[in-house]
Amino acid sequence: MGTTQILFWFLTALALLGAIMVLVSKNPVHSVLWLIVVFFAISGHYILLNAQFLAIVNLIVYAGAIMVLFLFVIMLMNLNAETEPQKSIWMKFFGVATGGLLLSFFISFIVSSIDLKNKTAQLKEGDVGLIKNLGKVLFSDYVIPFEIASILFLSAMVGAVVIGKKD
Amino acid sequence: MQHVWIVLGVLFVLLNVAAGLIWVERRMLAMWQDRLGPNRAGPLGLLIVLADTLKLFFKEDWIPSFADKKIFVIAPAIVVASVLMSFVVIPFAPGIVVADLNIGVLFFLAMSSLGVYSIVLGGWASNNKYSLLGAMRGASQMIAYEVFMGLSLMGVVMMTGSFRLTDIVEAQRSVWFCFTQPLGLILFFIAGIAETHRLPFDIPESESELIAGFHSEYSGMKFGMFFIGEYLGVTLISAMTVTMFFGGWMGPEFLPGWAWFFIKTFAFILFFILLRASLPRPRYDQLMESGWKVLLPLVLVNILVTGAVLLYLKG
Amino acid sequence: MDSLQLQALLPFIVLASASVVIILLIAARQSHTVIQITGFLMMCLVVLAMWYVRDVLPRAIMPLLVVDGMAAVFTGLIVFCVLIIGLFSFIYFEEREENPKEYYILIFLGTLGAAVLTISRHFISVFIGLELLSISLYALIAYLRNRNNAVEAGMKYLVLAAMSSAFLLFGMALIYMDTGSMDFDGIAKQLQTQGHSPALFVTGIGLMMVAVCFKLALVPFHLWAADVYQGAPVPVTNFIATVSKIGVFAVLVRFAQAVQLQSYHFAVIIISFVAIVSMVGGNLLAIKQQNIKRLLAYSSIAHLGYLLVAFLPGNAAGIEAGMFYLFAYSITLLAAFGIVTMLSGRQADADQLEAYRGLYWRNPLMGAILTVALLSLAGIPLTAGFIGKFAVLNAGVQQQLWLPVIVLVITSVIGLYYYLRIISTLFAETQVIFPKEKSLHPLFVAGTYGALLVLLILLLGAGIFPSAVIDGIKNFLCQGFRIINF
């Protein structure tokens, strides 16, 4: 097992642990922190795939900005065990049942998928993720969706202003 | 093996600089405020550094019973860790850089954006209303200023065509970017002050209204971590300013590169302290308004003009 | 990108610039009237642009977009709906205190999202278009914040739409994992070479169907529909009921065409199931409704179920039937919601059935239009709705899809009950004094009535002379089916 593989398994385990902890944490602030751990692990995966730009932007945008806003809101909401609505036991039961079904569904599909085994991701190969190549592709082949994405943000901005303004 | 020495050397120098700044700041503030400052312990009062550190170590390390303990302990570590990580990409001299990443600028931005967690989590975990207020202010301030901190560096990146910091330094061989990107420099520095929450932008702590804000409840070495983190942040922003705008290690031949780097960085650290001595603190809403309504548009204008000029020069 | 490709995209560029123009007008503090007229002219400009570029079609803008005949039909329908909705919006918002200006920006951005969907041939453009549509809708639904249900409706839509986007992305990721392509044609090619029904592809399609069903408000993902329809301002409800569904359906058709979705047994089963439960559920749930917006919500669930029956055969006849049905459904809903808009007052929307008691005696024209619209929804002969349903039935019978066809017929009969219930209310005697007409600029009143009359003529015209519309659709589709050489 090379370094890359060890790193891969470590990051994968970390991401899964983080994701599970997000769900089982009683305190929403702890959940957010575990989610940040997940983002770090995923950024690590991006780096393994040689997509450095994506990795670092994932950190800047998600870990650095969005999760701070999450924390911000959660802190202002003053959540604690008393204010949390109690879900009935049936609710929990059906939640677990549907989630478990979906999981078994996926696992059975992935296991039964024959040609999945020769479709492993190629680590440390490919240079599309490098910032220079990414920029070139974004501004040539994918320029229209890129512009549409900017319009998407315009829409989100106008929407936020409309909903948020006081008058 | 050389690599390990570089890492250890950088770490050693940085921690000493940060500690030394305790003395520098107090002496300088005293000088500008027309008093003496610490002058008893050792020559010129230099041993105050040691005394202060020892004091921090031996103070009772108290965790409030009402605090969220795990987060309370983690918070001060985050600030030091994130700032130290940022130094990884900074080239101190030709060949003396821990990791010369090709996304260096972005790495710096990512790490500095993580620093906000120490404030937010520290303030929240303290379970104290003043701390929480400080944390809230810190979060919104740092998010607002982070946005154009990144954008203010894009002018330099566009002119260099690279995110690698050594490339950026090399690109300044003929002319420093402080002459071609003056607006970028000013905006980056303002954002840098806000990111390190130093006076005049120390709104998260503002001792006169929030009794030290997010670190009210901290004591002992945990408080020391915040303290060190702040000085490291000041050093980091100074070093980044030098790297991005003042030619990094470049300078006349009679001194080696690292010496020029340290001289320039030190000048900016002094400038930070001078700012603290001379400027009042703005109100919170003023800070946010100037950030979003004045500085952000200016940054965008800067990028636009830079891009247009670059295209024009290219033909 | 060459100039011809740019030309082909001209309508979409005009559409995008419409919102920017409105932003600038708002910045210059122009009045609602100016903005309304500009918006109307911009939409006309889009139509003109579409007419202008008709010769360069079909054209693919690799790798993401393709502007062909089918896209032209769908985009044309979308732009037409927005034109009408824009007109109705004026009288709706002029009455209210809330500043309606940003509303137009969001409407145009949402329209652009739906239009992008119609020209997508790649998962990335699908996703961006869908998000553009949904994000505009979040704000639009909650636009009248001070109303009781508006924020609740916006929140519901936000949470559920975000969830469904997650399903969509997961589905896309699985398909990408299986085929190594996000391009519709690329996926189709890869599937052909693989030669068997791959498990990952099936799972991916299943997950994507969740998102599509959510956007089309099909049972069992319909739970948001009634609340959102009720909470949103009437023109926005109209927008959701028409524009957003046209866009999503366009993607569904294009994707199914590329990968031959209907040749997969599992897909046919899923779609039939969804269609049947939507037809049954929508119609049964509509019966007890006293609120006309909720009633139309459930009726639209049922109608989308009918539409899926046309989608099931997967041949040209089915697509034509589907397009005609969508056309009939859109103009019908435009007319119905147009009347609701006209009757809505300053305080609240005219969504209670009581507000319509004796409408025919008070305002015969409005009463007549609403009657025709409801008859069209019910599928009574001489209206567009009948021809639409007939075409759908025809397509279904040809492929011997007996179960969906039988359910369609039975549920249509159930549907007749609640449409007729409203119509009987319209003709009932009333003693209640209703507030006077609004005092608006006569130009706009005339414009609105004009739009309603146009819709009425279309409804009846397409019902009596359907061949014109069907031939038009066929023409456009032939253009689209022509093989494109890159």
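I'll begin with chain A, where the domain assignment gives domain 1 (3-129) and domain 2 (130-167); such bounds come from an automatic or database domain assignment. This is a predicted model, in which local features need pLDDT of at least 70 and side-chain atom pairs count only at pLDDT 80 or more, while totals for chains, interfaces and linings use all residues. Residues are numbered from 1 along each chain as its sequence is written, and chains are lettered from A and ligands numbered from 1 in the order in which they are written.

How do the two domains meet? Between them, 5 residues of domain 1 of chain A are in contact with 5 residues of domain 2 of chain A. Two residues are in contact if their C-beta atoms, placed from the backbone, lie within 7 Å. The domain 1 side of that meeting divides into 2 nonpolar, 2 polar and 1 charged. For these classes, Ala, Val, Leu, Ile, Met, Phe, Trp, Tyr, Cys and Pro count as nonpolar, Asp, Glu, Lys and Arg as charged, and the others, Gly among them, as polar.

Staying with chain A, there are 6 helices and 0 strands. Helices (H or I, at least four residues) and strands (E, at least two) are DSSP runs, numbered from the N terminus. Of the contacts in chain A with a separation of 6 or more, 58% are between residues 24 or more positions apart. Of the 167 residues of chain A, 22% count as buried. A residue is buried if 20 or more other C-beta atoms lie within 10 Å of its own, exposed if 12 or fewer, and partly exposed in between, with C-beta atoms placed from the backbone.

On confidence, chain A averages a pLDDT of 81, and 84% of the residues score at least 70. pLDDT is the predictor's confidence in each residue, from 0 to 100. Within chain A, confidence is highest in helix H1 (residues 3-24), at 89, and lowest in helix H5 (residues 131-139), at a mean of 83.

One helix of chain A in some detail. Helix H2 (residues 28-48) of chain A has 21 residues, which at 1.5 Å a residue should span 30 Å, and its end C-alpha atoms are 30 Å apart, which agrees. The expected span is 1.5 Å times one less than the number of residues. The buried residues in H2(A) include Val32(A), Leu33(A), Phe39(A), Ser43(A) and His45(A). What covers the buried residues of H2(A) includes H1 and H3 of chain A. Just after H2(A), Asn50(A) takes a positive phi of about 65°.

Now the chains together. Which pair of chains has the most contacts? Among the 2 pairs of chains that touch, the most contacts are between chains A and C. That contact takes 27 residues from chain C and 19 residues from chain A. On the chain C side, H6(C) gives the largest share, 9 residues. By class, that side has 21 nonpolar, 3 polar and 3 charged residues.

Turning to chains A and B, 14 residues of chain A are in contact with 17 residues of chain B. Helix H3 (residues 52-77) of chain A gives the most to the chain A side, with 12 residues. That side has 12 nonpolar, 2 polar and no charged residues. Between chain B and chain C there is no contact, and their closest C-alpha atoms lie 15 Å apart.

In H14(C), 25 of its 28 residues are buried. Arg254(C) is in helix H11 (residues 234-259) of chain C. Is Arg254(C) buried or exposed? Arg254(C) counts as buried because 24 other C-beta atoms lie within 10 Å. Leaving aside its neighbours within four places in sequence, Arg254(C) is in contact with Met70(C), Arg121(C) and Phe184(C).
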